[in-house]
Amino acid sequence: MNQKQKNNVVIIGGGISGLIAANVLKNNGIKTTVLDKGRGIGGRLATRRIRHSDEITGVFDYGMQFFTVRDATVQKWVNRWLAEGIVTEYSHQDVDPKTTYYRGVESNRSLGKYLAKDLDIHLQTRAITINKSDSGWTVATENGQSFQGDSLILTAPVPQSLTLLENSGIALPSLIKSRLEKVVYYPRITILALLEELSLIPASGWLTVDNSCLASIACNHKKGISPQGFAVTIHSTPEFSDEYLNKDDQIIAEKLFNFASSWLGSKVINYQVHRWRYSHPKTVYGEEFLAVDNSIPLILAGDAFSTKPALDLHLTLEKAVLSGIKAAEYLLS
Ligand SMILES: Cc1cc2nc3c(=O)[nH]c(=O)nc-3n(C[C@H](O)[C@H](O)[C@H](O)COP(=O)(O)OP(=O)(O)OC[C@H]3O[C@@H](n4cnc5c(N)ncnc54)[C@H](O)[C@@H]3O)c2cc1C
């Protein structure tokens, strides 16, 4: 790889994987441009506000809830975030007491915002095609812009990256394509519910439920991120999500509120339903990143780029972080 090919890297996806890759490259003097189709940065590090009245606004972490770390390199990053006051240790009764868990202090999206703060980020910028020339990659976006990079990193969930490649007429070697097509994600239906009164969820703000419909319930007020609203995040199980993904919001809400009623203990005054088609990987690619083209680098990364699936959900974020680091280090090597 010559010097020119790593002067300017375009990264599609401003989730944690893309943001970490961008930080590693930037720290090594490489110009990066991050494109994300979302309105906010962070991807599945997702937080939303629901304003109900002048007095009541709920703040909901509705994607990643909390994470843990096994890898020493990732731990170094987390230690920096702890020292900067961006994440905090998170104790609750439902998980392994010997393990340390972390969550964002203000919210989980605030970790994404922190990682994005010195980067060139373009939100609401969906990549629709990518094109390779002798001088690098050109990304065309839905809002009519075009971005050029000597190298390109794709960090969208694998099915979305495959669609982008297909729409761009880029044929992958058949073995690689079939491995990528085998990467499958769990879906997840999440309800953001604003309650009239404080929920009955334990004081830590977290409850693993594990029945046929509900996986967990989190009280964002008890966690301390929603001081002006009793904001509860209800995650359904993958099985329920599979069955109900295309059903109406009202049908989903009735069912899940009914199952959750003994922990809610209050009237719901407002709610939104969010459908995650790609919540977290069920199967993974088998390597920490994929370099498709070495001469004009095209790299795929993200939480599905790992040697093994995460042993539990709370180890998934770490996979995304590690993949971002490895993808960037590959370009630097
Ligand atoms: C409901 C839920 C609960 C979870 N709970 C936990 C947990 O408790 N612990 C844990 O460790 N992990 C958890 N996870 C998983 C964790 O959030 C993810 O593994 C991690 O955030 C993935 O990061 P990523 O950068 O790989 O992908 P993403 O965060 O998905 O980032 C990819 C980005 O690409 C963007 N994008 C896609 N296509 C395009 C395009 N064409 N153009 C521009 N941008 C595009 C998307 O908008 C997105 O922002 C949870 C996930 C969900 C959804």
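1. The structure is a predicted model, in which local features need pLDDT of at least 70 and side-chain atom pairs count only at pLDDT 80 or more, while totals for chains, interfaces and linings use all residues. Residues are numbered from 1 along each chain as its sequence is written, and side-chain values use heavy atoms, with hydrogens and water left out.

2. Helix 1 (residues 16-27) packs with helix 3 (residues 109-116) at an angle of about 25 degrees, and their axes are 9 Å apart. Helix 1 is therefore roughly parallel to helix 3, a term for angles under 35 degrees. Axes here are lines fitted to C-alpha atoms, for helices over the stretch in contact, and angles run from 0 to 180 degrees between N-to-C directions. Helices (H or I, at least four residues) and strands (E, at least two) are DSSP runs, numbered from the N terminus.

3. On the side of helix 1 the contact (heavy atoms within 4.5 Å) is made by Ile16, Leu19, Ile20 and Asn23, and on the side of helix 3 by Leu111, Gly112, Leu115 and Ala116. Sorted by class, this contact of helix 1 with helix 3 has 6 nonpolar, 2 polar and no charged residues; Ala, Val, Leu, Ile, Met, Phe, Trp, Tyr, Cys and Pro count as nonpolar, Asp, Glu, Lys and Arg as charged, and the others, Gly among them, as polar.

4. Helix 3 is largely enclosed by the rest of the structure, because 7 of its 8 residues are buried, that is, under 20% relative accessible area with a 1.4 Å probe and protein chains only. These are Arg109, Ser110, Leu111, Gly112, Tyr114, Leu115 and Ala116. The buried residues of helix 3 pack against several elements, including helix 1, helix 2 and strand 7 (120-122).

5. The largest nonpolar core has 41 residues, of which Ile16, Ile20, Trp81, Leu111, Leu115 and Ile153 touch the most other members. Such a core is a set of buried Ala, Val, Leu, Ile, Met, Phe, Trp, Tyr and Cys residues joined through side-chain atoms within 4.5 Å. Strand 1 (8-12), helix 1, helix 2 (72-83), helix 3 and helix 9 (316-332) each supply at least two residues, and helix 9 gives the largest share, 9 residues.

6. Lys223, in helix 6 (residues 220-223), counts as buried at 7% relative accessibility. Not counting residues up to four places away in sequence, Lys223 touches Asp61, Gln65, Tyr90, Arg103, Ser204 and Gly205.

7. Thr316 lies in helix 9 and counts as buried at 9% relative accessibility. Leaving aside neighbours within four places in sequence, Thr316 is in contact with His280, Pro281, Asp303 and Ala310.

How values were computed:
Angles under 35 degrees count as roughly parallel, over 145 as roughly antiparallel, 65 to 115 as roughly perpendicular and the rest as oblique. Buried means under 20% relative accessible area, exposed over 50%, partly exposed in between (1.4 Å probe, protein chains only).
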